[in-house]
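Student: Could you walk me through one part of this structure up close? I'd like to look at the aromatic rings and how they pair up.

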Amino acid sequence: MKRHILIIGAGGVAQVVAHKCAQNNDVLGDIHIASRTLGKCEAIVASLRHRTALKVDGLLEAHQLDAMDVAATTELIRRTGAGIVINVGSAFLNMSVLSACVATGAAYIDTAIHEDQLKVCETPPWYANYEWKRRDECASAGVTAILGAGFDPGVVNAYARFAHDEYFDRIDSVDIIDINAGSHGRYFATNFDPEINFREFTGQVWSWQNGAWKSNRMFEVGKDWDLPVVGRQTAYLTGHDEVHSLSQVLGIPNVRFWMGFGDHYINVFNVLKNLGLLSEKPVTTAEGLEVVPLKVVKAVLPDPSSLADGYSGKTCIGDLVKGVKDGREREVFIYNVADHEQAFAELGSQGISYTAGVPAVAAAILVATGRWDVRKMANVEELPPRPFLGLLGQLGLSSHISENGDDRELLFP
């Protein structure tokens, strides 16, 4: 068994990860939290102690770390004895943290694809630009590296694999639909890191259609979806991580990602973009200061973790899968509904952070107990989905399936 967790990052998702690790520290062992800002790590530790989150007595420590520094990260992994590193820091850190895991033999888990700060929306498939180039390195070192173990990517990948294995002989399309029907009450805010959020939407929208990459502009293609609990919602074709692995790993000819946006979000986004305020390229002010417009916007927007108190409403995220079973056409929607107020009551978090953080802990438990300790790099859809989805239900994220008007919870005994 691998034991002892190092969580890198101290935002809203890290808070959820830390709490869920604490609730399962009888399996996971010591818990360490590290980021550039020590105070944020200490605040999470204080929250855990306030909520008496630890299931059994155990070590809980905060550390200051620049995770771009491979040597420093390697030293911290060795000093803490961490057998599993859960990286929920900025997506810019992934390759540095992975290098430290390879150097120490610790398992690596992240929730989003690596990004280069100087590049936006690179050539698809995105995983081939960084992560997949290091498959042989991980296999040679015997290091388990689980990629994209959040909700999307992550749980939706497992839904696609589950449908592939148990509901279809042939899958023709997977449409991943992500709707946040909640309200945080702020004039404008993003539910996770604004810099990463906006970078997703300022480049090309890549989808996989008829076995080839197709490019669109953001908000160019919209569609209304009638979904469980949240009802009829408009979502737009959006570029997203899981399209770039599911299309290649499972060989599905059509993989698309749809995200819900309100008119107000779109209007503000377009104004910021048209003014050049979402650019990742530095500009020089009249005073001679060099600034990155996107980082300035990030600095003035609310911290996503601050949105939790007073956030109301629900999310609905799932896979609409179409194909053939036993010679007949079939269509199923496999999904989860999360409640912002329930997430806050349990962990002091908002629902988006909750859905992103809980799956990473489920992955860590599966690595710790050996079921996902594969000693190589793997995307979630390359791993057995049943233990993952079953564990998610125990941790607070139930899965449901809707087919021909029949809607039921999926149970994994």
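Tutor: Here is a tour of the aromatic pairs and one cluster. Keep in mind that this is a predicted model. Counting ring pairs gives 19 aromatic pairs, and we'll pick out a couple of them.

Start with Phe-151 and Tyr-159, whose rings sit edge-to-face. Their centres are 6.3 Å apart, and the planes make an angle of 80 degrees. That angle is over 60 degrees, so the pair gets the edge-to-face label. Now check how covered these two residues are. Phe-151 has a relative accessible area of 2%, so it's buried. Tyr-159 comes out at 0%, so it's buried too.

Next, find Phe-162 and Phe-412. This is another edge-to-face pair, with 5.5 Å from centre to centre and 70 degrees between the planes. Phe-162 is buried, at 2% relative accessible area. For Phe-412 the relative accessibility is 17%, and because buried means under 20%, Phe-412 counts as buried as well.

One aromatic cluster here is formed by Phe-188, Phe-198, Phe-201, Phe-219, Tyr-236, Phe-261, Tyr-265 and Phe-269.

Key: Residues are numbered from 1 along each chain as its sequence is written. This is a predicted model: local features need pLDDT of at least 70, side-chain atom pairs count only at pLDDT 80 or more; totals for chains, interfaces and linings use all residues. Side-chain values use heavy atoms; hydrogens and water are left out. Rings of Phe, Tyr and Trp (its six-membered ring) pair if their centres lie within 6.5 Å; planes under 30 degrees apart count as stacked, over 60 as edge-to-face and the rest as tilted. Buried means under 20% relative accessible area, exposed over 50%, partly exposed in between (1.4 Å probe, protein chains only).
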